[in-house]
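Subject: A structure to look through

Dear colleague,

My notes on what was found in it follow directly after.

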There are 2 protein chains.
Amino acid sequence: MGAAKFLRGLLRIADPSALTIIVNTGDDERFFGLAVSPDLDTITYTLADRANGRTGWGLAGDTFACLDALRRFYADCGWFHLGDRDLATHIFRTERLARGVRLSRVTAEICRRLGVGARILPATDDRLRTVLDTALGRLSLQDYLVRRRGRPAVRAIRYLGARRARPAPGVVRAIRDASAVIIAPSNPFLSIGPMLRIPGIRRALTARRGVVAISPIVGGRAVSGPLARLLRRFDLPISPAGVAACYRPFVDTMVVDRRDRGERGALAALGCRTIVSDTVFISPDRAARTARQLMAAIA
Amino acid sequence: MGAAKFLRGLLRIADPSALTIIVNTGDDERFFGLAVSPDLDTITYTLADRANGRTGWGLAGDTFACLDALRRFYADCGWFHLGDRDLATHIFRTERLARGVRLSRVTAEICRRLGVGARILPATDDRLRTVLDTALGRLSLQDYLVRRRGRPAVRAIRYLGARRARPAPGVVRAIRDASAVIIAPSNPFLSIGPMLRIPGIRRALTARRGVVAISPIVGGRAVSGPLARLLRRFDLPISPAGVAACYRPFVDTMVVDRRDRGERGALAALGCRTIVSDTVFISPDRAARTARQLMAAIA
């Protein structure tokens with residue numbers, strides 16, 4: 001959500017063809033046998049200007065006739081909302097993957113058909129799954145986050161397959177050659193973490209400078225989701241410094257909200273310089289202003 | 001279509017739990033990677049009283065948002081209409097088949113969820129595909145019938161897999177033990193033919209008496225579809241006798257429309273007795289009257 005909101009602003013000031021967006025696949029999951037990639041789709045729909053801005057997932061104006069009919073066949077399917085038009089994306093992806101086409105290629109096909117100008121890359125074409133060991137047992141990311149609303153107490157987070165996963169074609173080069181790498185204001189455990197556990201991605205990030213992260217913690221609270229609880233669980237402060245700690249050693253700049261300007265010292269202690277801006281993207285205009293400031297500071 | 005219309009009538013006078021309906025799978029096809037069984041679905045939806053009676057396929061009141069979105073991904077997908085609620089059936093079937101569940105089992109599951117009282121059996125769980133060698137090359141049944149509207153000149157009809165296909169569980173016993181076997185007024189080449197090419201089914205039919213067929217030819221014309229052209233192509237008369245010839249040697253009774261009462265002699269020459277009735281099922285009431293007359297004549 002935070003990532004999508006930031007991207008909407010960034011696209012107002014940047015040339016889409018100059019952007020590569022590397023997206024988490026750790027929450028990909030099969031629903032009804034269909035290959036659903038929630039993060040890829042949110043980003044793709046956002047960049048196609050077709051996202052449902054109100055809910056943060058799915059397509060604007062979508063209907064739910066198929067899901068409604070699926071309830072006859074699946075007792076427990078009400079919690080993950082797949083719209084009729086959204087389903088077309090999953091049906092297409094499932095069919096292409098079954099033919100042996102790689103996820104990165106399918107993603108490019110989807111982007112082309114939806115008129116997305118920027119390049120969207122899944123972090124990996126290999127199997128990567130974020131699972132949470134919780135008080136309720138092991139849960140997939142979507143089960144934990146959507147169905148259980150991020151409430152179960154988390155004992156451990158596992159990124160299954162990450163260690164053997166290879167970065168998708170283009171990912172390492174994009175990280176290496178970009179004038180800047182921006183880590184969007186997302187959950188460092190659930191949205192960014194899975195990608196950082198891929199050795200090739202971690203190496204590429206560590207090998208360069210100019211890795212900027214936008215803090216998803218503002219005024220001691222997470223902008224959305226269970227991030228505050230997870231930082232506490234892993235004994236990290238609920239602050240930009242807590243987030244920066246997740247991105248060591250490669251992050252060198254943190255973008256924090258005005259109300260967190262006092263965090264400068266804590267961030268300096270972690271070796272990070274601080275950019276103070278607006279990081280609660282209540283509108284694309286607000287996000288565009290922050291993006292412009294960010295680009296200027298990086299240049 | 002003719003089969004569905006007859007069944008609607010039959011169900012008004014018969015106990016559904018006493019009926020077993022054996023259905024063609026030769027026109028099953030993958031669309032967008034989804035396992036679609038057009039004949040099974042038409043029969044299932046009809047018996048669930050959810051069929052779209054106007055079009056002859058799909059669910060009443062269905063919408064087409066997903067198909068509309070699929071057009072972005074597939075250049076050539078407009079000709080086979082899959083509604084949003086109909087898609088739920090295909091998604092469920094595809095997922096179950098992928099898990100290794102047999103089509104007959106999945107069909108039973110679908111019937112149970114849709115509240116169908118009669119037993120619907122696919123002719124076989126094995127792969128069976130009707131293809132037509134035409135002036136346009138080899139076409140699948142749906143491609144020929146739906147997309148090309150049955151127009152291309154047919155050179156040969158092939159039932160791929162039929163010779164090795166085994167009847168689905170319950171099929172042979174149903175044929176053997178039924179008080180009567182009724183072949184619905186369907187196309188003997190495209191709808192019934194594929195089933196008759198399965199050796200186990202042909203054997204079961206040939207081993208018993210009381211196999212009744214309702215003629216899909218009325219007044220020298222096919223009630224629907226390209227049947228007249230196919231009879232001509234295979235040098236058979238466009239008449240109930242032409243249909244009966246397709247069902248030799250096991251058919252012993254033909255049900256013909258009043259206007260075909262003059263066919264009695266030709267049918268007797270083929271060893272068939274004739275029941276004269278109304279066979280153009282313009283309403284379920286009409287079909288019920290014919291069904292009642294038919295059951296009385298059989299008993």
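The two copies meet through the same surface, because 100% of the interface residues of chain A are also interface residues in chain B. In this predicted model, 21 residues of chain A are in contact with 21 residues of chain B, where two residues are in contact if their C-beta atoms, placed from the backbone, lie within 7 Å. On the side of chain A that touches chain B, the elements that give two or more residues are helix 3 (65-70) and helix 4 (84-98), and helix 4 of chain A gives the most, with nine residues. The residues of that side divide into 13 nonpolar, three polar and five charged; here Ala, Val, Leu, Ile, Met, Phe, Trp, Tyr, Cys and Pro count as nonpolar, Asp, Glu, Lys and Arg as charged, and the others, Gly among them, as polar.

Before the details, a word on numbering and confidence. Residues are numbered from 1 along each chain as its sequence is written, while chains are lettered from A and ligands numbered from 1 in the order in which they are written. As this is a predicted model, local features need pLDDT of at least 70 and side-chain atom pairs count only at pLDDT 80 or more, whereas totals for chains, interfaces and linings use all residues. Chain A averages a pLDDT (the predictor's confidence in each residue, from 0 to 100) of 94, and 100% of its residues score at least 70. The model scores ipTM 0.91 and pTM 0.94.

The secondary structure of chain A comes to 13 helices and 13 strands, which are DSSP runs numbered from the N terminus (helices are H or I with at least four residues, strands are E with at least two). Of the 299 residues of chain A, 49% count as buried; a residue is buried if 20 or more other C-beta atoms lie within 10 Å of its own, exposed if 12 or fewer, and partly exposed in between, with C-beta atoms placed from the backbone.

Helix 4 of chain A has 15 residues and reaches 21 Å from its first C-alpha to its last, close to the 21 Å expected at 1.5 Å a residue, the expected span being 1.5 Å times one less than the number of residues. Since 13 of its 15 residues are buried, helix 4 of chain A is largely enclosed by the rest of the structure.

Some loops also deserve a look. A cis peptide bond, with omega about 0 degrees, joins A:Arg248 and A:Pro249, and A:Pro249 lies in the loop between helix 11 (240-246) and strand 12 (253-257) of chain A. A:Asp235 has a positive phi near 60 degrees, although it is a residue other than glycine, and A:Asp235 is exposed, with 8 other C-beta atoms within 10 Å.

With best wishes
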